[in-house]
Amino acid sequence: MANVNDYVIEVRDLVVKYGERTVLDGINFRVPRGQTFVILGGSGCGKSTLLRNIVGLMRPHSGRIFINGQDFTAMNDRGRIAVRKKMGVCFQGSALFNSMTVGDNVALPLREHTKLEESTIEIMTKIKLELVGLGGFEDFMPAELSGGMKKRAGLARAMAMDPEIICYDEPSAGLDPIVAAGLDALIRKMQHTFNLTSIVVTHEMSSVELIADTVCMLKDGRIVEMGDMGRLRASSHPFVQQFLDRRPDEEGEGGSEYLRSLTGGD
Amino acid sequence: MVAIVGNIGRITLDWVHAVLRVCVLMVDTINWMVVAPLRGRGLRVRSTIEQFVSFGVMSLPIVSLICFLIGAIMAMQASYQLARFGATRYIANLVGVAAMRELAPLMTAILLTGRSGSAIAAEIGTMKVSEEIDALDVMGLNPTKFLVVPKFLAMLLAIPCLTVVAMFVMMFGGFCLTTVVLGMEPQLYFEQTASALVMKDLVTGMIKSFFFAVVICWVGVYRGFQVEGGAEGVGKQTTSSVVTSIFLIIVVDMVFTIFFYFM
Ligand SMILES: Nc1ncnc2c1ncn2[C@@H]1O[C@H](COP(=O)(O)OP(=O)(O)O)[C@@H](O)[C@H]1O
Ligand SMILES: [Mg+2]
């Protein structure tokens with residue numbers, strides 16, 4: 001186990017707004033090296049937004065994000081690019097480039113950022129694809145893959161530059177339970193094999209139990225509970241209990257709350 | 001009253017925003033197209049060639065066909081008037097000058113707006129919706145360098161080339177109709193055309209076509225990056241890219257026509 005004080009990602013007082021509307025309001029957490037941090041929460045609660053801030057696709061309204069102790073939010077573009085090379089991101093819809101083969105997708109970061117020989121790149125691409133169980137699919141187009149295979153190919157591409165940190169946005173959403181379980185196992189394997197620090201956004205309880213070291217539960221832009229699964233189960237927060245028990249909202253309440261959240265009222 | 005003033009204010013602000021965004025895009029494109037390659041940060045040559053083939057080579061048949069027909073139509077219409085004065089030999093002059101100065105650049109631009117400008121908007125829009133642009137960004141690959149510059153260069157090359165082809169095909173259309181249907185001597189048609197055209201006509205047409213290329217590409221790219229939401233947003237911005245682009249092409253055409261008229 002790595003040094004306990006070795007935090008790879010640290011988020012401090014993060015506030016994110018879309019226009020006037022506050023989506024994230026005072027988020028704080030730290031992720032130690034080599035651990036899997038799961039962000040849990042209902043649809044539209046700002047999980048993807050949080051992830052977009054961590055990987056630097058958005059600049060927050062206020063607050064700071066430290067990656068390996070460096071203030072990511074205060075960096076200029078060149079510094080951010082250097083930090084991003086240590087991060088891999090698996091997008092919700094896999095975001096493979098549709099005009100390229102799977103192999104070219106995985107090889108792209110290598111071709112653009114390294115001066116490796118083409119033959120070396122080909123071998124590395126093969127290795128990455130085999131790692132995610134897609135050996136031999138180099139020449140397929142993304143459109144020819146199933147949903148689960150696309151996610152795997154997206155993971156292979158995210159792993160191409162041997163990142164230290166990997167972020168998954170809803171890795172198992174829209175997949176059948178067997179494929180989803182396979183993906184969870186893959187996430188676990190990646191973490192163990194490469195000592196990756198992972199951030200996983202999800203709303204699937206079944207995968208959380210399998211992969212999480214720490215879980216944080218988001219609601220209305222705030223963290224309502226954070227800790228390991230045991231702590232989450234023991235939580236007295238009504239929303240956490242409702243989420244774990246899969247109880248629906250009280251009749252009518254959910255709708256009006258959703259509307260209010262859309263119109264910007266608190 | 002207040003509402004009206006407020007609306008005018010908001011519309012003005014929207015326009016200012018749009019213009020600012022286009023300016024940022026332009027500066028960024030020129031930076032990645034001219035400055036970065038000079039500093040050895042590379043240009044995506046292969047991608048540019050691919051785009052050139054898609055914009056230019058693949059458009060050749062449809063541009064040729066339409067320009068041929070328009071040349072023939074123009075000759076027919078000219079004959080309708082000129083025959084009354086016994087001046088049918090001037091059909092060649094009219095077709096030649098109109099094709100060079102106006103119709104070849106304009107038709108090429110409008111065809112490419114529909115064929116390639118919309119494709120640019122749809123491609124970039126789809127990539128935005130499916131988070132592919134974000135994926136480029138997190139990989140440290142600049143979307144402008146990666147997507148916009150190759151398209152822009154390809155368009156700047158393809159449209160002038162197509163326009164030259166269109167000019168000659170259009171005159172050939174006029175030639176075919178005049179000689180075959182109206183029975184003019186081919187020799188006479190050649191002589192008339194040669195006597196009518198001056199270098200300036202070609203230059204005028206080429207300058208116009210160059211600016212049309214700029215308009216088509218930037219409108220497509222701008223609209224593509226404007227896409228929000230899902231497939232619906234892609235459709236909306238693609239349609240509006242065609243409308244905006246044709247409108248701006250006509251405006252640019254007008255400006256240059258006035259300019260060259262007095263030159
Ligand atoms: N580009 C955007 N502009 C405005 N609002 C947005 C944008 N993206 C997301 N939102 C809003 O922010 C909230 C959180 O979105 P998101 O982070 O995608 O949620 P999640 O991933 O948890 O489902 C949603 O209510 C959504 O409507
Ligand atoms: Mg999401």
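At what angle do helix H2 (residues 45-55) of chain B and helix H6 (residues 143-181) of chain B pack? In this predicted model, the two helices meet at an angle of about 40°, and their axes lie 8 Å apart. Angles under 35 degrees count as roughly parallel and 65 to 115 as roughly perpendicular, and H2(B) is therefore oblique to H6(B). The C-alpha trace of chain B extends over about 65 × 55 × 35 Å along its principal axes.

A helix pair was also examined in chain A, where the axes of helix H3 (residues 102-113) and helix H5 (residues 147-158) come within 8 Å and cross at roughly 25°. Because angles under 35 degrees count as roughly parallel, H3(A) and H5(A) are classed as roughly parallel to each other. Their crossing is right-handed.

Chain A also supplies the residues around ligand 1, namely Tyr18(A), Arg21(A), Val23(A), Gly42(A), Ser43(A), Gly44(A), Cys45(A), Gly46(A), Lys47(A), Ser48(A) and Thr49(A). By residue class, this shell divides into three nonpolar, six polar and two charged residues. Two elements of chain A, strand E2 (21-32) and helix H1 (47-54), each provide at least two residues of the shell, and the largest share, three residues, comes from H1(A).

On the side of Tyr18(A), an N or O atom of the side chain is 3.2 Å from a nitrogen atom of ligand 1. Oxygen atoms of the ligand are approached by two further residues: a polar side-chain atom of Ser48(A) lies at 2.6 Å from one ligand oxygen atom, and a polar side-chain atom of Thr49(A) lies at 2.5 Å from a ligand oxygen atom. Taken alone, ligand 1 exposes 560 Å², of which the protein buries 64%.

Conventions: Residues numbered from 1 in each chain as written. Chains lettered and ligands numbered in written order. Predicted model: local features only at pLDDT ≥ 70, side-chain atom pairs only at ≥ 80, totals over all residues. Heavy atoms only, no water. Near = heavy atom within 4 Å. Polar contact = N/O pair within 3.5 Å; in protein donor to acceptor, adjacent residues only side chain to side chain. Areas by Shrake-Rupley, 256 points an atom, 1.4 Å probe, with all protein chains shown as cover. Helix = DSSP H or I, 4+ residues; strand = E, 2+ residues; numbered from the N terminus. Nonpolar A, V, L, I, M, F, W, Y, C, P; charged D, E, K, R; others polar. Axes fitted to C-alpha atoms, helices over the stretch in contact; angles between N-to-C directions. Parallel < 35°, antiparallel > 145°, perpendicular 65-115°, else oblique. Left-handed = near helix turned anticlockwise from the far one by under 90°.
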